[in-house]
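Here is a short tour of one protein chain, written for someone new to reading structures. Have a look at the sequence and the 3D view, then read on.

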Amino acid sequence: AKVAKKYISHTFIVSLLELFNSEDPRERDYLKTILHRIYGKYMALRAFIRREINNVFYVVMYENETHNGIGELLEILGSIINGFALPLKAEHKRFLVRALIPLHKVKFVGLFHQQLSYCVTQF
């Protein structure tokens, strides 16, 4: 873990999230596992990871971009949301209102609606 720590930076996380747009579902599934483990191990990166996932969602919502990995990112967020402490922090409530609820308006919501519904119900 100590060796990996110097390589797992903000730049690395952003690059990892870009790979989620892969056409290969096996690659996205493996990336999901990697990102989830990084999230679990490196507490200092958690807020940054959540913010960057939000940024991916914002690009999809407001720039009408298609993205292959939204379902996988929502699966990761489902388990993250499950671990949120109560009462919810303002940041977490903003995430629900600004990212998860507006994702319902995306044209291709059918591709990830099950994962999105799970995330919303976890709140």
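## Ground rules

First, a term you'll meet a lot: a residue is buried if its relative accessible area is under 20%, exposed if it is over 50%, and partly exposed in between, using a 1.4 Å probe and protein chains only. The areas themselves come from the Shrake-Rupley method with a 1.4 Å probe, and for residues only the protein chains shown count as cover.

Keep in mind that this is a predicted model, where local features need pLDDT of at least 70 and side-chain atom pairs count only at pLDDT 80 or more, while totals for chains, interfaces and linings use all residues. Residues are numbered from 1 along each chain as its sequence is written, and side-chain values use heavy atoms, with hydrogens and water left out.

## The whole chain

What is the chain built from, helices or strands? It has seven helices and zero strands, so the order from the N terminus reads α-α-α-α-α-α-α. Helices here are DSSP runs (H or I, at least four residues), strands are runs of E with at least two, and both are numbered from the N terminus.

The radius of gyration is 14 Å, close to the 14 Å from the globule rule for 123 residues, so the chain is as compact as a globular protein of that length. That radius is taken over C-alpha atoms, and the rule is 2.2 Å times the number of residues to the power 0.38. Along the principal axes, the C-alpha atoms fill a box of roughly 40 × 40 × 20 Å. Buried residues make up 41% of the 123 residues. The chain exposes about 7600 Å², with carbon and sulfur atoms supplying 56% of it. Now for contacts (heavy atoms within 4.5 Å): of those with a separation of 6 or more, 65% are between residues 24 or more positions apart.

## A look at helix 4

Helix 4 covers residues 46-62, and its 17 residues should span 24 Å at 1.5 Å a residue; the end C-alpha atoms are 24 Å apart, which agrees. The expected span is 1.5 Å times one less than the number of residues.

Which parts of the chain do the buried residues of helix 4 pack against? They pack against helix 2 (10-19), helix 3 (25-41), helix 5 (70-82) and helix 6 (90-100). Among these buried residues are Phe48, Ile49, Ile53, Val56 and Phe57, but Arg50, Glu52 and Asn54 are on the list as well. Just after the helix, Asn64 takes a positive phi of about 50 degrees.

## Charged partners

Side chains of opposite charge can pair when their charged atoms come close. A salt bridge needs a side-chain nitrogen of Lys or Arg within 4 Å of a carboxyl oxygen of Asp or Glu, and a search of the whole structure finds five. In one of them, Glu91 meets Arg50, with the closest N and O atoms 3.0 Å apart. Glu91 lies in helix 6 and Arg50 in helix 4, so this pair ties together parts that are 41 residues apart in sequence. Glu91 is partly exposed at 31%, whereas Arg50 is buried at 12%.

Lys32 and Glu75 also form a salt bridge, at 2.3 Å from N to O. Because Lys32 is in helix 3 and Glu75 in helix 5, the pair links parts 43 residues apart in sequence. Lys32 counts as buried at 17% and Glu75 as partly exposed at 33%. Together with Asp29, these two residues are linked in a network of salt bridges. Another bridge joins Asp24 and Arg26 at 3.1 Å; Asp24 is partly exposed at 26%, and Arg26 is exposed at 65%.

## Rings and a cis bond

A pair of aromatic rings is described by the distance of the centres and the angle of the planes. Rings of Phe, Tyr and Trp (its six-membered ring) pair if their centres lie within 6.5 Å; planes under 30 degrees apart are stacked, over 60 edge-to-face, and the rest tilted. The count comes to four aromatic pairs. Phe84 and Phe123 have ring centres 6.1 Å apart and planes at 65 degrees, so they sit edge-to-face. Phe84 is in the loop between helix 5 and helix 6, and Phe123 in the segment after helix 7 (113-122), so the pair ties together parts 39 residues apart in sequence. Phe84, Phe95 and Phe123 form one aromatic cluster.

The loop between helix 5 and helix 6 also holds Pro87. A cis peptide bond joins Leu86 to Pro87, with omega at about -5 degrees.
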